Amino acid sequence: MATFTSGSRYSAGLLCVMLAACGGGGGDNGSVATQAGISTVPTGSTAVAPSPSTAASPSAGQTSPVGNTSSGSIGTPAGDSASGGTVAAASATDARFNRPLGLARDAAGNMYVADSGNNTIRKISASGNVVTLAGTAGTSGSNDGIGAAARFSFLKGIAVDAAGNVYAVDGNAVRKVTPTGVVRTLAGVPGLAGDADGPGATARFSQPWGIVADSAGNVYVADTDNYLIRRITSDGMVSTYAGSRGNRGTGNGSVASASFLGPKGITRDAGGNLYVSDWYGPPAPMLRESSTFIRKITADGTVSTLAGTYGGETGPAQFRDTFAITVDGGGNVFVAAFNSVQRISAAGAVTNVAGPLASVQSLEGMTIDASANLFVADTSSHAISRVTTTGEVTVVAGKVDEAGAVDVP
């Protein structure tokens with residue numbers, strides 16, 4: 001992807017070496033082999049929050065990047081106290097993140113972050129409080145458990161369902177985190193790649209990236225290196241939802257006959273349609289750009305291509321290295337990569353929403369609220385920003401270019 005410090009979104013194996021993450025190593029596991037995926041993020045499948053209000057002032061000493069404003073609250077600030085005095089809103093810009101990747105929002109306006117470099121799942125309240133829901137910063141692994149006792153090692157996409165359960169892609173597995181922080185492995189095994197349907201730990205994935213939940217408690221996973229879309233039921237049963245096993249391409253048609261290049265981000269609208277950022281990379285000799293196609297899977301099981309071209313000798317790809325994806329209530333799809341955000345209408349027309357932004361390096365995750373305000377994770381700069389419908393960009397959590405693991409209780 002964008003300037004991912006070490007080069008970014010290439011093969012899973014190369015990423016494992018660069019990030020020291022696949023083998024359970026800690027440290028800077030930015031994990032783009034994504035999420036934000038990428039992550040990616042659910043919309044439509046879960047209720048979304050009301051429009052964010054004007055937030056608290058930036059924390060003392062925090063400077064805004066060029067072209068950006070800085071804000072500490074991602075939702076409605078705290079109201080008056082019982083004594084009649086004003087209660088100051090918490091400032092999520094006082095928190096620190098380390099390579100945030102997947103983003104998702106719940107019905108109450110809370111935002112969940114796959115904080116990949118810290119190996120943790122973070123929760124940002126609408127009023128700007130930041131807590132670590134599960135995992136321990138600086139410690140990797142694959143243990144299930146409660147809160148800080150749980151371990152993650154290669155976090156990518158994240159989703160949340162209507163009940164507030166969080167689902168995270170972690171290596172080659174999908175982990176489920178309850179609202180109280182209880183973590184269990186729903187399907188797959190974090191360190192084992194493969195391709196097998198079946199229950200729980202018998203299932204196998206190969207470098208999955210994005211994830212989204214539906215209203216029935218199922219989750220859909222972009223299984224990148226198997227070129228498939230997988231479905232997991234609430235009890236952990238894995239099946240193949242779309243794609244032709246062993247067949248890589250851009251073929252449209254029924255879910256059983258269609259082919260994918262390398263699905264990364266995935267999102268869902270209120271009508272049950274899925275949208276996928278389908279990536280062809282790393283670059284091949286005649287495809288100098290890492291091309292991305294935007295695919296749609298209708299609720300009745302038909303796959304089509306909304307937008308996208310191959311890059312090559314005749315010019316760049318329409319979308320390059322684009323993983324982060326979300327959708328609004330009108331069927332407009334939003335994608336982000338590098339330092340720009342673009343909108344694709346239901347008819348396939350592409351327009352620029354924001355960018356290129358000099359202060360943004362590597363947009364990996366994205367989610368949306370009911371007013372079509374977008375929230376994007378700039379993985380390399382460790383910050384999360386809000387992008388309004390007019391293209392105004394505001395830092396709402398973390399501090400640009402300052403990594404850390406600080407909560408705001």
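Hi everyone, this is a short tour of a few local features in one structure.

A word on the model before we look. It is predicted, so local features need pLDDT of at least 70 and side-chain atom pairs count only at pLDDT 80 or more, while totals for chains, interfaces and linings use all residues. Residues are numbered from 1 along each chain as its sequence is written, and side-chain values use heavy atoms, with hydrogens and water left out.

Let's start with D106. You'll find D106 in the loop between β2 (100–105) and β3 (111–115); strands here are DSSP runs of E with at least two residues, numbered from the N terminus. Is D106 buried or exposed? D106 counts as buried because its relative accessibility is 7%, where buried means under 20% relative accessible area, exposed over 50% and partly exposed in between, using a 1.4 Å probe and protein chains only.

What does the side chain of D106 reach? The backbone nitrogen of G109, at 3.1 Å. The side chain of D106 also makes a polar contact of 2.9 Å with that of Y112. By polar contact I mean a pair of N or O atoms within 3.5 Å; within protein, one must be able to donate a hydrogen and the other to accept it, and residues adjacent in sequence count only if both atoms are side-chain atoms. And G164, 58 residues from D106 in sequence, sits 6.7 Å away in space, C-alpha to C-alpha.

N110 is in the loop between β2 and β3 too, and N110 is buried at 12% relative accessible area. Not counting residues up to four places away in sequence, N110 touches A104, R105, K123, I124, S125 and A126, with contact meaning heavy atoms within 4.5 Å.

Now for some backbone geometry. Most residues other than glycine have a negative phi, and most peptide bonds are trans. R99, which is not a glycine, has a positive phi of about 60°. R99 belongs to the loop between β1 (69–70) and β2, and is buried at 3% relative accessibility. D321 has a positive phi as well, near 50°. That residue is in the loop between β20 (302–307) and β21 (324–327), and at 1% relative accessibility D321 counts as buried.

Which peptide bond is cis? The one from G355 to P356, with omega near 0°. P356 lies in the loop between β24 (350–354) and β25 (363–368).

Notes: Helices (H or I, at least four residues) and strands (E, at least two) are DSSP runs, numbered from the N terminus.
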